[in-house]
Amino acid sequence: MIETFTYEGLPIRVRFGRGTLAEAGVEVARLGARRALVLTTPQQAALGERIGGLLGTAFGGQFAGAVMHTPVEVTEQALAALHGAAADCVVAVGGGSTTGLGKALAQRTGVPQLVIPTTYAGSEMTPILGETAEGRKTTIRSLDVLPETVIYDVDLTVGLPPTQSATSGLNAIAHAAEALYAKDRNPVISLMAEQAIRMLSSALPVLMHEPSDTEARMQALYGAWLSGCCLGAVGMALHHKLCHTLGGSFDLPHAETHAIILPHAIAYNAPAEPEAMAVIARSLGTPNAARGIYDLAYRLKVPTALSDIGMLESGIETAVSLAIENPYWNPRPITREGVRALLRQAWEGLPPQQPTI
Ligand code: NAD
């Protein structure tokens, strides 16, 4: 049934395909820019140099210091590099950490961004910036940080190791799954979400064994793009809140945390959202949404317990308190007991249990 809804399209230009990286120079020119600062993590510095070569005279320099959670000290260093290079745009090449740095620079200076993603995190499609200062991560939502152009080149994802492909892909599935029961859900984004889950859940098991399977890489990246659109367009709920809390307060790795929490958060919300659950299950090709996600993660051999990724049992109670301290929207009311039970299941890595209330 179609109900009253609001749909707001975000103004982003997207090029998707194979070999599209070659168009980086043309896209920089299209932004009206003359000199680009290329951003990468230290691990992807060589890729940044390669892209610098492709940009020719528009290459203004490289800053290869992006790290996770966008600490403001790193942004200050990148800002100095941007001014030092007299650059008038940024080209962010990498995962969500590098994209985050590009957004932080855009917010401070207004420079346009060309983002070239190499993971499935989806940050490139969102007007959201998370930054860390003095150990606290805060998030803003503003069109000022929305990238102008995104080049998806499947060839750049072929080197993403199988385990990282799996956790990053599950991170993407989380955006799509929560979009299906978002407070501001709409039928267009729900279509994207369903297709995203279908694409990712069929491609990820193939990539585990054949990381260079081009068709599966195409599907996974296409699914990740759709998931990023979902994250950018509608509000998220319990799952994203929990992952944000766990990542920020216990320094747990981003994609792995999403992969572990997702089946439990979906099980928590299942009684309140039977229609969304039916769509998730259908797109996974399984009878039950939460169990289907858990089984997918298990099959992909990613960590399924918070204890596997360094969270101490003593942290559960702190995490429960942090997760419920600021009220936020969720389709099922959030209770201390409910969140505690969810986190305990996730800490132990047990299959998700659907509440009966
Ligand atoms: P990441 O960007 O931290 O990348 C992890 C590591 O993998 C890095 O060392 C990176 O250089 C390397 N890497 C990336 N692509 C590779 C490839 N193809 N081959 C080999 N190595 C590669 O990880 P991520 O999960 O993409 O991003 C996580 C960060 O993004 C978090 O800080 C998270 O909060 C943020 N994020 C933000 C949004 C948003 O909308 N603001 C959305 C999703 C994630």
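## Ground rules

Contact here means heavy atoms within 4.5 Å. Helices (H or I, at least four residues) are DSSP runs numbered from the N terminus. This is a predicted model, where local features need pLDDT of at least 70, side-chain atom pairs count only at pLDDT 80 or more, and totals for chains, interfaces and linings use all residues. Residues are numbered from 1 along each chain as its sequence is written, and side-chain values use heavy atoms, with hydrogens and water left out.

## H8 against H13

Leu 238, Leu 242 and Leu 246 of H8 meet Val 339, Leu 342 and Leu 343 of H13. By class, that's six nonpolar residues, no polar and no charged (Ala, Val, Leu, Ile, Met, Phe, Trp, Tyr, Cys and Pro count as nonpolar, Asp, Glu, Lys and Arg as charged, and the others, Gly among them, as polar).

The axes of H8 (residues 238-250) and H13 (residues 336-348) come within 13 Å and cross at roughly 65°; axes are lines fitted to C-alpha atoms, for helices over the stretch in contact, and angles run from 0 to 180 degrees between N-to-C directions. The two helices are therefore roughly perpendicular, a label for 65 to 115 degrees, with under 35 roughly parallel, over 145 roughly antiparallel and the rest oblique.

## H5 and its two partners

H5 also touches H8: Ala 174, His 175 and Glu 178 in H5 meet Leu 238, His 239 and His 240 in H8. This contact splits into two nonpolar, three polar and one charged residue. Here the axes come within 9 Å and cross at roughly 140°, so H5 is oblique to H8.

With H9 (residues 254-269), the axis of H5 (residues 162-180) comes within 8 Å, crossing at roughly 35°. H5 passes H9 in a left-handed crossing. Among the contact residues are Leu 170, Ile 173 and Ala 174 of H5, and Ala 259, Leu 262 and Ile 266 of H9. The whole contact has eight nonpolar, six polar and two charged residues.

## The second largest pocket

H6 (187-209), H7 (214-233) and H10 (274-284) are the elements giving two or more residues to the lining. By class, the lining has 14 nonpolar, seven polar and nine charged residues.

Note on methods: A crossing is left-handed if the near helix is turned anticlockwise from the far one by less than a right angle, and right-handed if clockwise.
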